[in-house]
Amino acid sequence: MSIRNLFPQFIAVIAALAIPAGAAENGGAALREFLTAFFQPPPRIYAENPDFVTLRTLPDGKPFLFKPDAFRPDKRYLVLEIRSARPGTGLILFQSGKRRFRVPGDNAWHVCNIDLYKDGRAAGLGAAVNIRFLDLPGQEFGLRRFRLSPVPEGPADLEIRSAGLTETFNYPGEEREFFIHVRNHGGTAATGLTVARLAFPPGVTVLSGGAGEKFPDVPPCGFATHTVKVKAGRPLKGVFRLQLSGAGAPREAFRGPVEFDRNPQLPKAGYVPEPRPVNTRYEIGAFYFPGWETGKRWNQIRTAAPERKPLLGYYDETSPEVIDWQIKWLVENGFSFLLVDWYWNRGSRSHEHWVKAFDRARYNKYLKWAVMWANHTPPGSHSVEDQRAVTRYWIDNYFNKPYYYRIDGRPVVVIWQPGNMRRDLGPHGTHKLLHISQEMAKEAGLPGICFIAMKWPEAAVDAQAVETLKADGFSMTSIYHYMGTGDRTPANPARYDFSLVAESSPEFWNRNHKAGVLPFLPNLSTGWNDFPWHFYGGTAVENRTPELFREICRDARRFADRTGIRRLVLAPLNEWGEGSYAEPNREYKFKMYEAVRDAFATPPSGGWPLNYGPEAVGLGPYPLDPAAP
């Protein structure tokens, strides 16, 4: 079922915000006075009680306008206390920024503390203010607090965000960890909590931390994780049920899947076992973000989204052994190349650690990679001299490697933002810079460079824009991740269902193919949910499942067979913070990889290579110190 049917939203859009002290305090009469004084015209109040007012979303979507210059900024948090019978998302839009927040749908009062600051500064300010409700027409909600505050307000208000076994594979007879991850939306610390109920399927024994145990205190607007020790006596699949008790604890019980796997009983290994690549008539690649070389980088995932833990753990990307596991799993599931995010800004490089580790990996002969130059750099970054320097670096350090990815004999370089080259050197700047690189490559004895342009906006199909890219010297176009919905306009553009992405992907590929001009490298979406980076302030493509991703892979195979396009690329494998990931992990195990394998590879006579983790052969883990910079 579509999210537009399940999750109608309450969305407020504000172009600038600052409420004078004393405005919109608690109480229905005070709120009526506030709404009358600062809106033009005042929004219609459908009911007024001593403590709150009842409003309704506008059926035509028109905004409620604040009077010009009604507010001046002076506080950090916008505090709203609302009650809604349906869940949704609120959006606050400033001149130069936006904030989103959760609206629970349990018909109980909840305080929303929206942090308006970033890097110590208020989000973009302006003179005009408007509030627009983009909900299903006539959605009713209660409001009893609307003001700015220097600190978060309200009682503890807890949400169980996730719970489950900590590791990807869990074997019977071994002690395992089960985590409970909680977010406090209120302005008061949640203390005195307990695990009121924690029930597992028969066969699972709780060793410690279960029902009746104290739950850690949860700070205001913060997170806490509780760990339970469990053991299973046999392989099993089932459902756990969980409930907390104490001030601010959720009313409803939380449930989820629990699985203990059959131990494959593999012999111990001294190193990553040799890969066994599978046969395929397709070239399947993926974008790869090499951003996980420090404990600090992983800490936000560990704190805000532990359910995303990779099979390799919070791994060290500088380790060749880690890279060899990645290579093994990729080639045994039908992949042949990676397009790796690569950073260069006027000679300064960053995030090059993965490439250096790949160069030292034992099994690098099995997989190819190429530069995806993430050139989202400040104005003035591109010049003729810099283009010569970056091309010389590619030629001397990458293009001479046997495992560097080539198309028709030409080394591949993907350019994130061709427009930045035009920005710095004028309308023909991109063409000029790419021509320099082509000449240098030919002088070095290469047949040239296959430049691939990232196309913006990603979901748009504009033949004229592609004509410009062709004139610039690009050989192909692609995108980083497809998040489109086609003509299926979601009720909430910040919260919609992954099924819309899956349904509209074939249409997107077909439109790009029919547009012609340049070949298009089809993109297979791995999802998007940037909660660890922005909490409720970002975008969430919800209800992503391996089954829906499997549909995308099957549709892509049919598209490839019909069009003859045999080269395809997955959206990012490991954007753990953005929620675009397919690498083996505790949520989906190898299911995303196996969807690719089953769609594009041919099973060997003896069956597919077994997918397993380092623990199964006595290796790993490969964790980074959380305190490491």
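H428 is exposed, with a relative accessible area of 63% (exposed means over 50% relative accessible area, buried under 20% and partly exposed in between, with a 1.4 Å probe and protein chains only). H428 is found in the loop between α7 (418-425) and α8 (429-443); helices (H or I, at least four residues) and strands (E, at least two) are DSSP runs, numbered from the N terminus. The C-alpha atoms of H428 and D472 are separated by 7.4 Å, and the two residues are 44 apart along the chain.

The model is predicted: local features need pLDDT of at least 70, side-chain atom pairs count only at pLDDT 80 or more, and totals for chains, interfaces and linings use all residues. Residues are numbered from 1 along each chain as its sequence is written, and side-chain values use heavy atoms, with hydrogens and water left out.

An open sheet of five strands runs in the order β1-β2-β11-β4-β7, with antiparallel pairing; two strands pair if DSSP finds at least two bridges between them. Its edge strands, β1 (47-48) and β7 (110-115), each pair on one side only. Within this sheet, β4 (residues 77-84) and β11 (residues 140-149) are joined in the antiparallel sense by eight bridges. R83 stands opposite G142 in β11.

E575 lies in strand β32 (residues 574-575) and is buried, with a relative accessible area of 5%. Beyond its neighbours within four places in sequence, E575 is in contact (heavy atoms within 4.5 Å) with F289, D341, Y480, S580 and Y581. F289 is 286 residues from E575 in sequence, and the C-alpha atoms of the two are 6.2 Å apart.

Aromatic pairs number 44, where rings of Phe, Tyr and Trp (its six-membered ring) pair if their centres lie within 6.5 Å, and planes under 30 degrees apart count as stacked, over 60 as edge-to-face and the rest as tilted. The rings of F289 and W292 have centres 6.0 Å apart and planes at 90°, so this pair is edge-to-face. Both F289 and W292 are buried. F531 and F535 form a tilted pair, 5.4 Å centre to centre with 50° between the planes. F531 is buried at 3% relative accessible area, whereas F535, at 26%, is partly exposed. One aromatic cluster is formed by W342, W344, W369, W373, Y393, W394, Y398, F399 and Y404.

Charges also sit over rings (NZ of Lys or CZ of Arg within 6 Å of the ring centre and within 35 degrees of the ring normal). The charged end of R544 is placed over Y581, 4.3 Å from the ring centre. R362 lies over the face of Y271, at 3.8 Å from the ring centre.
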